[in-house]
Amino acid sequence: MTYDTVTIQRLRALPVFSVASHLGMTLYGTGHTCRRCLCPLHDDHHPSLHLNAPRNIFKCFSCGKGGDVISLVMQVRSLSFPDACEWLVREFCVSVTPSEGSGKRYVVSGYPQQSTCGEPVESTCGEPACPEPAERAGWVEPTCGEPVESTCGEPACPEPAESIESTLNVQLVTKSMSVKSEFCKSVVSCGYLTEQQLQHAVQRYRLGKSRDGGVVFWQIDERQQVRTGKVMYYLPDCHRIKTRNPTWVHTLLKNSLPKGFTLHRCLFGQHLLMSDGRGERSDGRSMNREPVICIVESEKTAVICSEHFPDCIWMACGGLQMLSAPMLQPLTPYKVVIFPDTDPQGDTFRRWTAVCQDARKQYHFRYPLRISSILELHTTAEQKQRKIDLIDFLFEGHTDSS
Ligand SMILES: [Zn+2]
């Protein structure tokens with residue numbers, strides 16, 4: 001099987017920790033960026049092989065071997081380049097399915113084919129781009145500057161497939177991470193989180209900062225693949241700047257994206273579902289029981305709630321209109337509770353209830369998909385008029401709310 005460059009790019013982006021684990025290597029250490037292993041390429045008695053997550057590479061400081069994840073599979077399994085790619089495709093369920101028509105399309109299994117979503121894409125208004133131009137151009141390059149072993153003259157599939165579920169370079173996320181956006185500053189100054197909680201939340205949700213001070217809410221799926229990022233602008237009172245539309249990282253990058261780039265959004269916070277199907281608590285411990293996933297509308301609510309209610313995994317769909325049945329599909333194995341915001345007529349509640357009914361018809365959920373009526377039942381008419389959300393409800397009286 002020959003894979004096109006986009007598929008190979010996607011294979012290279014598979015997280016090096018997971019690839020090493022799948023190869024049977026034992027990972028030492030608890031760091032999020034670096035782990036060590038006994039090098040399987042020679043008789044190693046002290047873990048000499050380092051795995052670097054931000055750069056997604058390995059390097060043995062004893063025998064000197066190193067490279068990307070494909071190279072790791074080639075060396076550990078003694079496989080050729082195509083066979084190593086095949087192995088990764090199989091182990092990580094990256095299925096390659098033929099489509100009608102001439103070309104082939106490559107689909108990550110578990111996600112149904114769908115249109116580029118009928119969601120209204122916010123205007124990109126002439127905002128300065130958030131990532132550095134070099135980084136923008138760099139997203140199609142190999143994920144490391146390390147002496148990666150040549151990926152050999154593998155003939156690339158000539159034409160890009162028509163419907164590729166494309167992902168962005170994880171380095172965009174790593175480089176953007178910051179506690180200095182106006183959003184982060186205001187979350188602390190308004191008393192929603194302590195400095196320490198904020199730093200923790202930034203690491204956990206990988207919150208970024210754009211050059212013009214916006215916060216980047218990345219949409220990363222449970223395979224740690226970066227779908228896109230939403231850049232939003234906040235005031236010092238932790239409310240959004242109403243006159244300034246959010247921008248999307250994939251839109252900002254559009255000139256450097258490959259032909260056929262197909263965006264599939266995912267929930268903000270979806271990456272907190274680990275690939276082995278267990279969630280990670282916000283204190284870093286694995287969940288003993290199956291996690292409860294809480295879905296809210298705004299990213300801000302998810303970030304703040306995650307620090308106050310660490311027993312649940314908080315995710316956000318990013319807007320009233322954004323919640324859709326396909327978006328809920330990756331959550332079928334989990335206990336899910338959905339928290340609609342309020343409004344005077346209860347429209348949001350009804351709309352999201354309908355989405356849940358739709359999802360139940362389309363997919364088999366292991367547990368009943370629950371809609372929380374806490375806000376419907378316990379808010380005043382005046383609060384409904386203000387369309388308050390869970391955070392407003394929990395914090396009213398604690399902060400100045402205007
Ligand atoms: Zn070695």
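With 12 C-beta neighbours inside 10 Å, Ser 80 counts as exposed. The cut-offs run on other C-beta atoms, placed from the backbone, within 10 Å of a residue's own: 20 or more is buried, 12 or fewer is exposed, and in between is partly exposed. This is a predicted model, in which local features need pLDDT of at least 70 and side-chain atom pairs count only at pLDDT 80 or more, while totals for chains, interfaces and linings use all residues. Residues are numbered from 1 along each chain as its sequence is written.

**Whole chain**

- The protein chain has 15 helices and 16 strands. Both are DSSP runs numbered from the N terminus: helices are H or I with at least four residues, strands are E with at least two.
- Of its 402 residues, 40% count as buried.
- Take the contacts in the protein chain with a separation of 6 or more: residues 24 or more positions apart account for 63% of them. Two residues are in contact if their C-beta atoms, placed from the backbone, lie within 7 Å.

**Helices α3 and α4, and the loop between them**

- Ser 80 sits in the loop between α3 (69-77) and α4 (81-91).
- The C-alpha atom of Ser 80 is 9.8 Å from that of Ile 70, 10 residues apart along the chain.
- Ser 78 is found in this loop between α3 and α4 too. Ser 78 is exposed, with 10 other C-beta atoms within 10 Å.
- The phi of Ser 78 is near 50°, a positive value in a residue other than glycine. Most residues other than glycine have a negative phi.
- The axes of α3 and α4 come within 9 Å and cross at roughly 105°. That makes α3 roughly perpendicular to α4. Angles under 35 degrees count as roughly parallel, over 145 as roughly antiparallel, 65 to 115 as roughly perpendicular, and the rest as oblique.
- Axes are lines fitted to C-alpha atoms, for helices over the stretch in contact, and angles run from 0 to 180 degrees between N-to-C directions.
- From α3, the contact takes in Ile 70, Val 73, Met 74 and Arg 77; from α4, Phe 81, Ala 84, Cys 85, Trp 87 and Leu 88.
- By class, the contact of α3 with α4 has 8 nonpolar, no polar and 1 charged residues. Nonpolar covers Ala, Val, Leu, Ile, Met, Phe, Trp, Tyr, Cys and Pro; charged covers Asp, Glu, Lys and Arg; the others, Gly among them, are polar.

**Helices α7 and α8**

- The axes of α7 (residues 182-189) and α8 (residues 195-205) come within 9 Å and cross at roughly 145°.
- Cys 184, Val 187 and Val 188 in α7 meet Glu 195, Leu 198 and Val 202 in α8.
- The residues of the contact of α7 with α8 divide into 5 nonpolar, no polar and 1 charged.

**The sheet**

- An open sheet is formed by 4 strands in the order β8-β9-β10-β11, with antiparallel pairing. β8 (208-209) and β11 (247-248) stand at the edges, each with a single partner strand, so one side of each is left without a neighbour in the sheet.
- β9 (residues 215-220) and β10 (residues 226-232) pair in the antiparallel sense over 6 bridges. Two strands pair if DSSP finds at least two bridges between them.
- Val 216 stands opposite Val 231 in β10.
- Gln 224 lies in the loop between β9 and β10. With 20 C-beta neighbours inside 10 Å, Gln 224 counts as buried.
- The phi of Gln 224 is near 70°, a positive value in a residue other than glycine.
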